[in-house]
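Welcome! Take a moment with the sequence and the 3D view, and then let us walk through them together in questions and answers.

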Amino acid sequence: METNLFTVEITTPQKKWTFENVISCSAPGVKGSFQVLYNHAPLLSQLEIGSIKLETTDGILFFATSGGFLEVLNNKVGMLLDTAEKSDQIDVTRAGNAAERARNRLKERAEDLDAARAEASLARALNRLYVAQKTE
């Protein structure tokens, strides 16, 4: 068994995952993506829309997230996320429909359009479609 492993906990309002055998963790920080390895210095970072990659002794996992926070402390990574979906559990049809709706709202530019909200909706849907295609 490898000795340079650490733990990752991902918590959302709907679900919690715990991974005990993590080799590396990559996350979408607001100032750029970064990677966490064993014995990483303590860190607190805000995350944005993007993909999380966990390399474990059992394989590689990808998650789509809409943002949140990540903390590294004593070989444990804790993530408190608005949303997180494993790549193999993303409903591609639903994500595609959400992207199309957001594109249409942005294209039509209705008088009461909240453009920032529509752009964020499109970014989340496109990220989900991107992450759904990821495997090892």
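Predicted model: local features only at pLDDT ≥ 70, side-chain atom pairs only at ≥ 80, totals over all residues.

Q: Is Asn39 buried or exposed?
A: A residue counts as exposed when its relative accessible area is over 50%. Asn39 has a relative accessible area of 54%, so its class is exposed.

Q: What is phi of Asn74, a residue other than glycine?
A: Asn74 sits in the loop between E7 and E8. With 70% relative accessibility, Asn74 counts as exposed. Its phi has a positive value, near 50°.

Q: In what order do the elements of the protein run from the N terminus on?
A: The protein has two helices and nine strands. Reading from the N terminus on, the order is β-β-β-β-β-β-β-β-β-α-α.

Q: What share of the 136 residues in the protein is buried?
A: Let us start with the overall outline: along the principal axes, the C-alpha atoms fill a box of roughly 55 × 25 × 25 Å. To count as buried, a residue needs under 20% relative accessible area. In this protein of 136 residues, the buried share is 40%.

Q: How many residues lie between E1 and E2 in their hairpin?
A: Strand E1 (residues 6-11) and strand E2 (residues 16-29) run antiparallel and are joined by five bridges. Within this pairing, Glu9 stands opposite Thr18 in E2. The two strands form a hairpin, and the number of residues between them is four.

Q: Which residue in E3 is the bridge partner of Ser26?
A: E2 and strand E3 (residues 32-37) run antiparallel, with six bridges joining them. A hairpin through two residues joins E2 to E3. Across this pairing, the partner of Ser26 is Gln35.

Q: Which residue in E5 does Ser24 stand opposite?
A: E2 is also joined to strand E5 (residues 50-56), by four bridges, and these strands run antiparallel. In E5, the residue opposite Ser24 is Glu55.

Q: How many residues apart are Glu9 and Lys76?
A: Glu9 and Lys76 form a salt bridge. Glu9 is in strand E1 and Lys76 is in strand E8 (residues 76-81), so the pair links distant parts of the chain. Lys76 is partly exposed, with a relative accessible area of 38%.
A: The side chain of Arg128 meets that of Glu85 in a salt bridge (2.5 Å, N to O). This pair links distant parts of the chain, with Glu85 in strand E9 (residues 84-86) and Arg128 in helix H2, 43 residues apart. Glu85 is partly exposed, with a relative accessible area of 22%. Arg128 has 12% relative accessibility, and its class is buried.

Q: Which helix gives the largest share of the positive patch?
A: On the surface, Arg94, Arg101, Arg105, Arg117 and Arg124 gather in a patch of positive charge. Two or more residues come from each of helix H1 (92-108) and helix H2 (115-132). The largest share, three residues, comes from H1.

Q: What is the relative accessibility of Arg101?
A: Arg101 is one of the residues in the positive patch. Its place is in helix H1. Arg101 counts as partly exposed, because its relative accessibility is 48%.

Q: What is the relative accessible area of Phe69?
A: Leu44, Phe69 and Leu80 make a nonpolar surface patch of about 350 Å². Within the chain, Phe69 lies in strand E7 (residues 68-72). Phe69 is partly exposed, and its relative accessible area is 44%.

Methods:
Residues numbered from 1 in each chain as written. Heavy atoms only, no water. Patch = residues over 30% accessible without salt bridge, like charges linked within 9 Å, V, L, I, M, F, W, Y side chains within 5 Å. Areas by Shrake-Rupley, 256 points an atom, 1.4 Å probe, with all protein chains shown as cover. Salt bridge = Lys/Arg side-chain N within 4 Å of Asp/Glu carboxyl O. Buried < 20%, exposed > 50% of the residue type's maximum accessible area, 1.4 Å probe, protein only. Pairing = 2+ DSSP bridges. Lys, Arg positive; Asp, Glu negative; His and termini not counted. Charge placed at Lys NZ, Arg CZ, Asp CG, Glu CD.
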